[in-house]
Protein chains: 2
Amino acid sequence: MSVTIKDVARTARVSVATVSRVLNGKGPVLETTRARIQSTVESLGYVPHGAARSLITRRTNTIGVLLPDIYGEFFSELIRGIDAAVRRVGFHLLVSSSHGERGETGAVFRAMRGRVDGLIVLSPDLSVPVLRASIPESIPVVLVNSPSDATSPFDLINIDNYNGAFTMVRHLHSLGHQRIAFVRGPSPNVDAAERLRGYREALRALGIAPFDDVEFPGNFREDGGYGAGQRIANMSSGAPTAIFAANDAMAIGCLAALRDAGRSVPEDFALAGFDDIPIGIFTAPPLTSVHVSIAELGGSAADRVLHGIRLENAHKRMHLTLPTTLVVRESCGSAPTPRENRDPSNGINGRRRDA
Amino acid sequence: MSVTIKDVARTARVSVATVSRVLNGKGPVLETTRARIQSTVESLGYVPHGAARSLITRRTNTIGVLLPDIYGEFFSELIRGIDAAVRRVGFHLLVSSSHGERGETGAVFRAMRGRVDGLIVLSPDLSVPVLRASIPESIPVVLVNSPSDATSPFDLINIDNYNGAFTMVRHLHSLGHQRIAFVRGPSPNVDAAERLRGYREALRALGIAPFDDVEFPGNFREDGGYGAGQRIANMSSGAPTAIFAANDAMAIGCLAALRDAGRSVPEDFALAGFDDIPIGIFTAPPLTSVHVSIAELGGSAADRVLHGIRLENAHKRMHLTLPTTLVVRESCGSAPTPRENRDPSNGINGRRRDA
DNA sequence: CGAATCTATGTAAACGTTTTCAGTAACCGT
DNA sequence: ACGGTTACTGAAAACGTTTACATAGATTCG
């Protein structure tokens, strides 16, 4: 069927070794023969067989990405970041989404073995021992947004959820809010847990006693935020003056609930989210949030795993934490920033301060 | 390094052929030896080398997905749909995003050759001849949301943009609107073009003379919709009573612009979008839109390419068009539907009618 | 000027599988 | 008892590359 290196060699009247040499630019080869081979390659439309190459070089030039069931923009942004970094060095991306639930995690890993040179694993829900048991240690692995464990044999890259949340609470407090509610993320999720921790610690640091009844369960989705918003709107006593949702999707749901209940933002409640999704500029009012650069997160993870591959997995393991940025818009009543055109390339919107 | 089939064979005191047989469940093998081999495989932690396997079977068990630069939820939904379908038969996904711009399209295809058994290509911007020139015909290829060409040697799956838009216009007209503005998508995009065509044809069919000045340029992003909304809010004469944006992101931007200009929806303008993104339920007011099941689109594409692989690319080429559904919410003032909890698994929100 | 180094090429062994072919032993029907 | 299946297993040839080694001529060097 397809044309092999032998066909090229025969047509160009050289040995396969020489063809291989010009293909990989290795070893000396006469300029005239190089040109001859080059042209036969093109005229024959020859493309090297990846599998054969991988077999002998023990390199697939592919890195695997394992994702849980992710909805929304996070997914696309992350892949965009990874793909850009990886493409620069001629690597490919083997993606497997929804490795969540059932014990199929191990199966997925097994299926990836021998197909990838490195792995990026996103598993905010999986516990360390589970990961440890099912991830092969023979290739470089970077864990993204995963439970931090000092003894982890893997590289680790996380978003600075803790400081992001802490900063947001401090910001709300600086605007005069004393009673700040929190809409939590899904409970096994490590991002959710860290944001909650930042919220609680900030309250403590500010000398505000934390009351359990100003925390509301959530699920990172709009409907979860809507439910919390309904409950808050109906509170008769001890109602908060500010609401901090663990992500923007819930903040938007919350906003809808408050509006439906006839309450307004920021007049009746200050409202803030987390993630700074693009649509946050266009809500009414525009949403104060914590900016996270997902694409950058993906890019760093990719760079890290590529580095590990280059050093044949003998590199020093690192734990990286990507900073977040406070983005102040109108939903907290503090900064009547005009709605600006959005530049998606750098994501700079609203007024930003270092977190 | 890694343990090979030979190690297994030696340890289990059989030939590699026998090991291979139990691994693939082919050919007869004594129950006792099967068990012995099975257990050695596990104790040695043996995993077959994918490349070696591909080399001889000429199968990679992988399908490639080529995407342009896509933002937002579309990407994740599509991949989710494809991945689910593909995983069912034990296939993998090689993803390459942003094969847009420069002439690197050919390079991407070349890099994929030999690594995948089939291809799903999403290229709403690429012209047919370009695609034709750079896509290999040796493996099954499914074009998604691509320019339709009756003579295309590839399978084709599209969303029924035309009828979706047509139906929406008819709906707006049935509510009494005579002057319906349209916010266009980016011009080379085939989805944008089809939606525009549906809009124009519907106007014609309804006997409404189309005026050029009720069409506004857009880009499928929020800011584009915002710009259009500003212009509409400032129109002194001949202002439309209804606005139909070519996608939800622009509708939301438009909504923000109108609100900023002190105009309200649906009182001053009826507003409708296209895509039915989840957040549309939580805007104020909830957004009337055209529902498209992206995950289903991805699933169909995957099934189609898998079918092609099974038949070794000798299958009959098909052109599929996935139906859309009108989802009526409050942004057009017609249906004061209560905000409902959203079930993300089937995406049924609001009131739906067949398109 | 012989030895050593370099340049350009070819030969052939590996990489880890699957699969064809062949072989042995047991069984079946006549 | 014997040819013909059948059940099981092994030997070895592929698959398409890369690369260590070999070779042969040209150049350099002491």
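Start by selecting residues 73-87 of chain B: that's helix α5, 15 residues that span 21 Å from the first C-alpha to the last, close to the 21 Å expected at 1.5 Å a residue (that is, 1.5 Å times one less than the number of residues). Helices (H or I, at least four residues) and strands (E, at least two) are DSSP runs, numbered from the N terminus. Of the 15 residues in α5(B), 13 are buried, meaning 20 or more other C-beta atoms, placed from the backbone, lie within 10 Å of their own.

A quick note: this is a predicted model, where local features need pLDDT of at least 70 and side-chain atom pairs count only at 80 or more, while totals for chains, interfaces and linings use all residues. Residues are numbered from 1 along each chain as its sequence is written, with chains lettered from A and ligands numbered from 1 in the order written.

Next, show both protein chains: 45 residues of chain A are in contact with 47 of chain B (C-beta atoms, placed from the backbone, within 7 Å). On chain A's side, α5(A) gives the most, with 6 residues.

Now pick β2(A) and residues 92-96 of chain B, which form β2(B): the two run antiparallel, joined by 3 bridges (strands pair if DSSP finds at least two). Here V95(A) has L93(B) as its bridge partner.

Last stop, DNA strand C: 29 residues surround it, with A17(A), P28(A), I5(B), A17(B) and S20(B) the closest (near means a C-beta atom, placed from the backbone, within 6 Å). Select α2(B) too, as its 6 residues are the largest share of that surface.

How values were computed:
A residue is buried if 20 or more other C-beta atoms lie within 10 Å of its own, exposed if 12 or fewer, and partly exposed in between; C-beta atoms are placed from the backbone. Two residues are in contact if their C-beta atoms, placed from the backbone, lie within 7 Å.
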